[in-house]
Amino acid sequence: MAQLLDHTADKTLFLSRILLRTSLSKVGSPVLFLGGIAELVWPGLRVLALIATDRLEASQVALLSETTKRILLPSPFDYLNAQLLEAWHQSPRGEALNFLAARHAMALHFETPVERPVPWYLSMLLPRSKEPALRELRGVAAAVPNRPLLESVLAATP
Amino acid sequence: MTLWDRGGADAAVEQHVAVSAWAFPQPINWDQVQARLNTEERTSIGPVSSAMHVFETWISAGDRKGEHILVELRDGGRPPAFAFIDYAYSMSQVWGGPDAQTGAVQSVLPAGRDQGALETMAEAIASIKNEVIDEIVTQIPVSFLPVDKRGTILNNLIGRKCGIRGLVGL
C-alpha cells in the first residue's frame, strides 16, 4: 500500500488522542476517551480537525472531580474546541498538537502526537493550488454526537 | 518527595531525579481551568497568590507558569485548593553564587496584593532557624546536589530570609 501514500516533508498528518485519566494516584483507574485531534499540513494549507464527544454518560460524570466537571460539562466538545482554536492561533504550522500536548499533560491529556503518512484519498482531494484564499483556510472542527463513530475513530488512532 | 538515582548507563536520560506524589488524584492546571472560575473563586485566590509570591521570591523561582499550578475546585462553597509544582530552576537558575542579588519574582495568579498574607508569609520565612535550613539542605546527597551548589543555596536561603520583607516591598 506504500505507493498509495503521499508522505513528504511538507505534507504531514499528525494525530493525537484526547484522554481523561480519572486518577493519577491509582494504577488501573478508568481512562475516558474524549476524542481525537489531527493537524494536516499541506503546501499552502493547514487544517486542524477535532472529533470529540459532546456529552458524557452519567457513569462517566460520576468519575469526574469538581474541577474536571467544571471544564468538561456540559459538553467536552465545547471545551476542546476552544483549545483547538487557541492552538490554531498560538502555534506555528505543524506544531498545534505539540502545543496542546504540552498544555494538557495531566488528568486531561492530549497524547504526544504521532506523525502518519497522508492517506492517498486526501492526496486526491486536497487542492494543489497555492491561492491566497487557501492559505487563509481556517481549521475545521466538528461535533460528533454519534458515539459508535467516535469510538471507531479512536480505535483507528494510534 | 523521593530522590531516585536511575543509574548512568543511558546518557540520554537524566540520572538523578526527584519523584513526588500527585497533589490531587485528577490534577488540572491553572491554564486549563482559569477561564472557568467564578467570581468568588477568583476573589479567594488573593491570599494564596500573595503568600506564594513571598515564598517564590525567597527561593528565586522566576520561571513560573500556569502549568506549574494545580487547581482543585471544591464543593460546598469552599475556596479552590492549589498545589505549586516543578521548582527545578529555583535556587539555581539565577543564583550563580553566594549573596545573589535577585529581586521579587512575577506572580502567575492574577490577584491583587493581600497585605495580611504577605506579612504572614514573610514572618514565617524570616523566623525559620538557620539550623533547620542547614539540616534540610544537607540531607540531600552530594550526588544530587554538589557541595558548591549546596553552599550557594545555604548562603542565599539564610541571607535572603532576613531581607525578604524588603524584597517584596513590605
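Helices here are DSSP runs of H or I with at least four residues, strands are E runs of at least two, and both are numbered from the N terminus. This is a predicted model, in which local features need pLDDT of at least 70, side-chain atom pairs count only at pLDDT 80 or more, and totals for chains, interfaces and linings use all residues. Residues are numbered from 1 along each chain as its sequence is written, and chains are lettered from A and ligands numbered from 1 in the order written.

The buried residues in H6(B) are Thr152(B), Ile153(B), Asn156(B), Leu157(B) and Arg160(B). They lie on the same side of H6(B) because they cover an arc of only 120° around the axis, taken from the directions from the helix axis to the C-beta atoms. The face turned away carries exposed Val147(B), Gly159(B) and Cys162(B). Buried means 20 or more other C-beta atoms within 10 Å of a residue's own, exposed 12 or fewer, and partly exposed in between, with C-beta atoms placed from the backbone.

Now the sheet. Three strands of chain B form an open sheet in the order E3-E4-E5, with antiparallel pairing. E3 and E5 (81-84) are its edge strands. Pairing requires at least two DSSP bridges between two strands. E3(B) and E4(B) share two bridges. Ile28(B) has Val71(B) as its bridge partner in E4(B).

Chain B also touches chain A. The contact takes 16 residues from chain B and 15 residues from chain A, where contact means backbone-placed C-beta atoms within 7 Å. H1(B) gives the most to chain B's side, with three residues.

Notes
Contact = placed C-beta atoms within 7 Å.
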